[in-house]
Amino acid sequence: MSRRPAGRFCRPAAVLFALCAALLATFVNPTHLAAQDDTTVRPNYKQAAFYSSEFIRQRTYSTSVRPGWLGKTDRFWYSYQTCDGTHFYLVDPAAGKKESLFDHDALASKLSVEVRKPIDAHQLRLGGARINDEGTTLSFVVEKTKFELDLTNGELANKGPEPERGNAQSRRPGRGGAAGRPGTPRAGTQRSHRNFSPDHASYVFSKGHNLYFVEASDEVKAKIEEIAAEMKAEEEAKKNGETDTSTDGDGETKDGDKKDDEKDTKKKSDKKKKKEEDLTTTIFAPYADDAPLQEVTLQEKTDDKSGQKKDDTKKDDEKKDPSKETDRRREWANDVDESKALQLTEDGAKDYEFSSRGFFRRQTEEDAEPDPEKKTRPSVSWAEDSTAFHATRRDSRGVAELYLVNALSEPRPTLEKYKYPMPGEEHIRKSELFVFDRNAKKITQVEPKWTDESYLNIHWGKTSDALRMLRRDRLLRNVELCEINTRNSELKVILTEGFEAAYLDTQSLRYIRDGAEMIWWSERSGWGHYYLYDRDGNLKNAITTGQFRASRIVDIDEEKGLFYFSGNGREGVENVYFQHLYRVYLDGSELAIMDPGNANHRSSLSPTRNYVVDNCSRVDMCPISMLRSADGKKIMDLEKSDLSKLREVGWQMPETFKVKAADGVTDLYGNMWKPFDFDPKKNYPIIADVYPGPQTEGVTHTFSASSFRQQLAQVGFIVVQLGHRGGTPGRSKAYHSYGYFNLRDYGLADKKAGLEQLAARHSFIDIDRVGIYGHSGGGFMTAAAMLKKPYNAFFKVGIARAGNHDNNIYNNSWSERYHGLKEVAVKENKGRQGRRGGRRGSRGGDGASDQDEKIVLKKIEEDEDDTQKKDDDETEKDDTEEKDDDEKENEKEEEEKKTRFDIKVPTNTELAANLRGSLMLIHGDMDNNVHPAGTIRLANALIKANKRFDMLMLPGKRHGFGDMSNYVSHRMIEYFAEHLLGDHRTGADILEK
């Protein structure tokens, strides 16, 4: 066959293709435009590298004053760094006086001698610095050595090496309760499984997933009281300066010498001596399966030959052994035979226990399963009078596991597994609440009202007879304040709150006036406010009201009836997110601001409440600190952040702006970073850094000298943050709940509307070149913007980092909380499907959002009605058969309790076919927060849709990327430069630009 005709026909086609490509490049290639249009920006990698975070940090100094109040007075001290070094100051508000805390040069010289190392007076680093309440002594650590500086005369005392952290045992008397309280044994020791009552005469431990109780005999209790009296006397002696005979918790003198000689000189009567030698310990233990509670007496262990207690012969060793109790009031427990302890529960099982071990545990193939017979410390909190405790049993039975493969493990890759409940699943992490009556030796579970209900703010009432808590449903839309009678298990509801279609936020209760009144926080009015109730739940009055949010209790002056709180959104012309400190009378009258000024304020109230240390800043304002009186008047300036070295190198602040949401009414606030070589005559692409919330909006409102946004802008971009409805709980409830039942799409319209308004205001913004990026939820939002119509035509480039692109396989808490869960009652016969929980909405199709979610749920209910009618017909047939009356009753109760949870969160995967622009997906392959399956599923859908995209998997990295963060930042910068500025890097080394 002749090849000439083919050449004749192919050559024009090739020429035509080349010509079209050239013409297309003329319109879309910024490189070509740059040759003809000097308004086009070229990437400035050198400038971006110059203004690195490390470079900026070297020129950034203190931005706020953290007052160290001297006792309960108004005097305070603080340290502050500028380019001249670190300075320490003492402030007397009443005198309006600020002075150096000490002679910096003199202290540096003395420290140089002590540590045998040159110390710079301008760079004093005093670790753990503290001043006593009298303001006379400053203690600190330098070069692992403790020092005390007498502030009255400048004398420096060397107190020796700093003790190793974690080795020192607290010698203060403990009160039992939660782990980590003073006086409890160190975790990991042989005795750390004991949770003692405040009177030290009983304790609880868990073993084999069950709970056990031990109580001392009356004789031991009497001895404990004697020891407690001795310890109190010793403490008083120490306070009075009588230290020559004082002892610590182990019976040692202050200088560490043992008191054996002192004991030998003290003769005791034969009667008392015999009583101590024959001291017995009594515990309560089950004698037989059906027998009543018995007392078992355990004599202390003695040496058969000498008759001397082994306790005495091993005293020195035990004092050095961290496995022994250091509190003398608890030493009796060391000789208890815990195999005879009273077993309070018998139905414990793996993943169903009173210990928190394994509740959030990750496990690899090499990890051994925890020993179920090992004694552990239970989640128990005792009442003040030691007559009762409440306990939490955690239930993660049946929770399905997720898996990750660590390809970097040596010598073979390893499998990591962990329990991970997903939205709508029947088996999630749950908790049960129990109450124990010590007198009756009886433990009772609090009867739940809701399926999978949870408990928070559990606290004791005025006496141990009453336990109070907040309980809430799994929907997280309802909450009740309840009180339980610990003696008869009766429960009464005191307060209720709820929403039909919004997540219900809560705060802990605050009691005042000896518990006669309580302060309750609620968003019932549409804004978060505080309300005053009597103890029985009767409303007295609203403490705060209005179109603003009261967010945190700072202090309460019960004598004057003044309530101090922080809030935002009240000051009109300001950014609604700016925090301020307020005071108001408990009856709601005379509300007053204590730190006025158009900025975000982080203020500290003095112990007397007469003064305020006001730290205020904005994204576009240098941070300043000042001292104010209680009425908000400025007394003196304290500090102004030193930005001189930043300005010397050309650093500039970002700008702030306000735009309207897509509704044309709601104000949205944002920040804008420009290149430091910004030219208003040029056209810049714009990139949005996003995070959807709803727990936080992802917009900064306080000063920060460095950020990736700032560095990205130096390449040649306008980089912005801007809010969106549904993004944060920090405004009205309507604003926060805007995205409920619409978790994927709710923020996109506002982002697009805000960016378009900015482009209309500023001619230097090229609205045809828009980029977007975010991490985690921001990665999810980024991909949605690139895939959801019409936003996929607006956003041209997106980088989605660690995105939860399918929230149906993200953790149940976040999706159920912020998207919304539906609980549907199911009436079915035994053996039919649809048992309690476990059913989730369908996964296929384009995501049901907005009203589609309600339509789906309505359809589910209609299907249930049809199912119930069929079930009723079948039940009529079944009723003709003979059944035991008890069996019928049990089935009826089972039917009434059956429910299932339904949820369908729209996914990015469903929209893969809509991709138009350039999308990069980044994820760590060991991310155990947002599982990489979400990103991989999206990649799978994009491949099946024949879409070009880029993907970067980070080996061995969790959710935050760790030491690969800098690499990711370089790749992001290059990706935006390539697709928004037309600069394509071909070299292998990302540092060579």
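The side chain of R438 reaches the backbone oxygen of S386 at 2.9 Å. This is a predicted model, in which local features need pLDDT of at least 70 and side-chain atom pairs count only at pLDDT 80 or more, while totals for chains, interfaces and linings use all residues. Residues are numbered from 1 along each chain as its sequence is written, and side-chain values use heavy atoms, with hydrogens and water left out.

R438 sits in the loop between β21 and β22 (442-445); strands are DSSP runs of E with at least two residues, helices are runs of H or I with at least four, and both are numbered from the N terminus. With a relative accessible area of 6%, R438 is buried. Buried means under 20% relative accessible area, exposed means over 50%, and partly exposed lies in between (1.4 Å probe, protein chains only).

The side chains of R438 and D199 are joined by a polar contact of 3.0 Å. A polar contact is a pair of N or O atoms within 3.5 Å; within protein, one must be able to donate a hydrogen and the other to accept it, and residues adjacent in sequence count only if both atoms are side-chain atoms. The C-alpha atom of R438 is separated by 7.9 Å from that of F389, 49 residues apart along the chain.

**Salt bridges**

Side chains of opposite charge can pair when their charged atoms come close. A salt bridge is a side-chain nitrogen of Lys or Arg within 4 Å of a carboxyl oxygen of Asp or Glu. The whole structure has 58 salt bridges. A network of them links R438 with D199, E215, K221 and K441.

| Pair | N to O distance |
|---|---|
| E432 and R393 | 3.2 Å |
| R609 and D555 | 3.0 Å |
| R570 and E571 | 3.1 Å |

Both E432 and R393 are buried, as are R609 and D555. By contrast, R570 counts as partly exposed at 35% relative accessibility, and E571 counts as partly exposed at 25%.

**Helix α6**

Helix α6 covers residues 218-239, and its 22 residues should span 32 Å at 1.5 Å a residue, which agrees with the 32 Å between its end C-alpha atoms. The expected span is 1.5 Å times one less than the number of residues. The buried residues of α6 are V220, I224, I227, M231, E234 and A237. Seen down the axis, these buried residues fall within an arc of 140°, so they line one face of the helix; the arc is that of the directions from the helix axis to the C-beta atoms. The face turned away from the buried side of α6 carries the exposed residues D218, E225, K232 and K239.
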